[in-house]
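I opened this entry to look up what surrounds each ligand. My plan is to take one ligand, then the other.

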Amino acid sequence: MPKFELTHALALLVFTLALALYARWKNSGQFPLPPGPRKLPILGNLFDVPQKGYIWLEYAKMCRKHNSDIIHLSALGNSVVVLNSAQIVSDLLEKRSSLYSSRPPTVMLGELMGWGAALAFRPNDDAWKAQRKIITRAISPADPKLFHLTQITATHDLLRVLAHSNDIMKDLHMWAAGFIMDVIYGIRGEEAEIFLKTAVEAVDSIAIAGTPGEFLVDQIPFLKYIPEWFPGADFKRKAREWNVLRIKMTEDAYRVTKERMAAGTATPSLASVALEQMDLTKDIAQQEELIKMASVIAYGGGLDTVAMTLQAFILAMLMNPDVQTKAQCELDRVLAPGDLPNFSLEPDLPYISAIVREVFRYQPATPLGFPHLVTDDDVYSGYLIPKGSIIIPNVWSILHNEDDYPDPYRFNPSRYLDINGKIDHSIKDPISPVFGFGRRACPGKDVAAASLWIAVASILTCYTIEPEIDERGNLMERTGEWHQGPTLFNCPVPSKCRFVFRSKDVEASLHGGKCT
Ligand code: HEM
Ligand SMILES: *[C@@H]1O[C@H](CO)[C@@H](O)[C@H](O)[C@H]1NC(C)=O
């Protein structure tokens, strides 16, 4: 395609879009848009949308600058509203959930990468409801005990490898996959490994492509017709490769479940139970498609997020040895030498529960949640929130608010405890903002929280997390680092640390089969 024609057509398109948008805002009554950075003609805030670094901090900075916890940005016809406080998020995403629970349609993620039909990324329509139902039915919070055995097994598998780990992120992903793949597909333990690389890469590609403003094609859909070889069209190559990952991730594990069902060797799982419960009088292919998508989203939704959160915990222990010591004292009071923790001890281990809360708060895996879409014009605090705006809840800001969490940049689990050392329920539980809002709230919340709790308790029973030793035999500095965006994930850089066995007793019970 000749370059001239393309740029020409583009300019025309952008201009028409901007004009239409301007006309709509102008006519939308007496309510102004929320404050925000100055908008350029046509381009709007295209250059203000954070593209690098920790984008949740950039958005928080923008809110401070405009002295408002609700701000508005526009970019080439897209309207974006950032919510920066618990109150506003609750007023809109929760109290007005029927209006604020859709998802933005995205060309990159939805069309080019092919994820558009899957529940996490589609509007709140019937197919979304059906897929959500498949998931909630399989992992109903009514029976949290259902998964305890598989979570404990995966955790003990992790304990066995930590002492000599040389790829901690991979071990943590294996731990996550160890119980999630069992729950979703009936694929257990080591079997999960062959699926892991594809899944982790696919989920990472979603976190990049799902970041608002990351790909211009989402603002100018017309760009999707550019051929891959065209200068600057690298996104087309990425989209193609990421689409291949999606297909592989979706099909491979699902096929295994189906083969096992046919052979009569399948163990009960989300996919197998949903397949058995299909309504044979209705369209089977359509139902299967929904089951397949629900499965892959639940698998992907839980894989990286729990692994990143556990890595954040490991870093927090490395950086806060006093917290680690205090937790170990609590464990030693409750457990006999050589015993490993189980879920029935939860009421006796409030400091462990407080650590899990503080890990969620201090470095949340999804600091901007996942974008919502408002499906009609709305007015809040005298501001117009235009229909079709992308809504970004700044979970990071909510969790680092000084009024709710004094001294927010300190890792301090004791903030959740009362004077008797029990959980103080007047302190806001970070779990609620971390797992999202309203009708879109994460259906895997309880499973994820339980698996983190047992992993934290078990790791601290077995090990002390200490700095690595350098060539001269000195302890290396206790430092933590976090990957810089543009991604929706807050991903810790694997820490330089050692897992030092606390006693011969636990070491023996780990390897003596006592822990199964
Ligand atoms: C630490 C672990 C996890 C974190 C931090 C997390 C976080 C989130 C967040 C922020 C959302 C978007 C909520 C919103 O739009 O307001 C979400 C959605 C979702 N999560 Fe999770 N999640 C975790 C674990 C899991 C697990 C274990 C599963 C599966 C069993 C899961 C399945 C899903 C699904 C299916 C959705 C899409 C819901 C929808 O769009 O209706 N997640 N999660
Ligand atoms: C949980 O652990 C405690 C302490 O080690 C033990 O007394 C109890 O029997 C265990 N409970 C279950 C259900 O295994």
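**Around ligand 1**

I sorted the shell around ligand 1 by class and got 15 nonpolar, nine polar and three charged residues. I kept in mind that this is a predicted model.

Next I asked which residues come nearest to ligand 1. Of the 27 residues around the ligand, these are Arg103, Arg132, His372, Arg440 and Cys442.

I then checked the arginines one by one. Arg103 has a polar side-chain atom 2.7 Å from an oxygen atom of ligand 1. For Arg132, I found an N or O atom of the side chain 2.7 Å from an oxygen atom of the ligand. For Arg440, the distance from a side-chain N or O atom to a ligand oxygen is 2.9 Å.

Where does ligand 1 sit? I looked at the cavities, and the space taken by ligand 1 is the largest cavity. I also noted which elements give two or more residues to the shell: they are helix H5 (126-138) and helix H11 (284-319). H11 supplies the largest share, with seven residues.

**The iron atom**

Which protein atom is the donor of the iron atom of ligand 1? I found only one, the SG atom of Cys442, at 2.3 Å.

**Around ligand 2**

I moved on to ligand 2. Its surroundings are Leu335, Asp339, Asn342, Ser344 and Leu345. By class, I counted two nonpolar, two polar and one charged residue in this shell.

Which atoms of ligand 2 do the side chains approach?

- Asp339 places a polar side-chain atom 3.1 Å from an oxygen atom of ligand 2.
- Asn342 has a polar side-chain atom 2.4 Å from an oxygen atom of the ligand.
- Ser344 has a polar side-chain atom 3.4 Å from a nitrogen atom of the ligand.

Last, I looked up how much of ligand 2 the protein covers. On its own, ligand 2 has 360 Å² of accessible area, and the protein covers 40% of this.

Technical notes:
Residues are numbered from 1 along each chain as its sequence is written. Chains are lettered from A and ligands numbered from 1 in the order in which they are written. This is a predicted model: local features need pLDDT of at least 70, side-chain atom pairs count only at pLDDT 80 or more; totals for chains, interfaces and linings use all residues. Side-chain values use heavy atoms; hydrogens and water are left out. Donors are N, O and S atoms within 2.8 Å of the metal (3.2 Å for Na, K and Ca); water is not among the atoms, so sites may look incomplete. A residue is near a molecule or strand if one of its heavy atoms lies within 4 Å of it. A polar contact is a pair of N or O atoms within 3.5 Å; within protein, one must be able to donate a hydrogen and the other to accept it, and residues adjacent in sequence count only if both atoms are side-chain atoms. Accessible areas come from the Shrake-Rupley method with a 1.4 Å probe; for residues, only the protein chains shown count as cover. Ala, Val, Leu, Ile, Met, Phe, Trp, Tyr, Cys and Pro count as nonpolar, Asp, Glu, Lys and Arg as charged, and the others, Gly among them, as polar. On a 1 Å grid over the protein atoms alone, a cavity is a set of points where a 1.4 Å probe fits but cannot get out, and a pocket is an open set with protein on both sides within 12 Å along at least five of seven lines; lining residues have an atom within 4 Å of a point. A molecule sits in a cavity or pocket if more than half of its atoms lie within 2 Å of its grid points. Helices (H or I, at least four residues) and strands (E, at least two) are DSSP runs, numbered from the N terminus.
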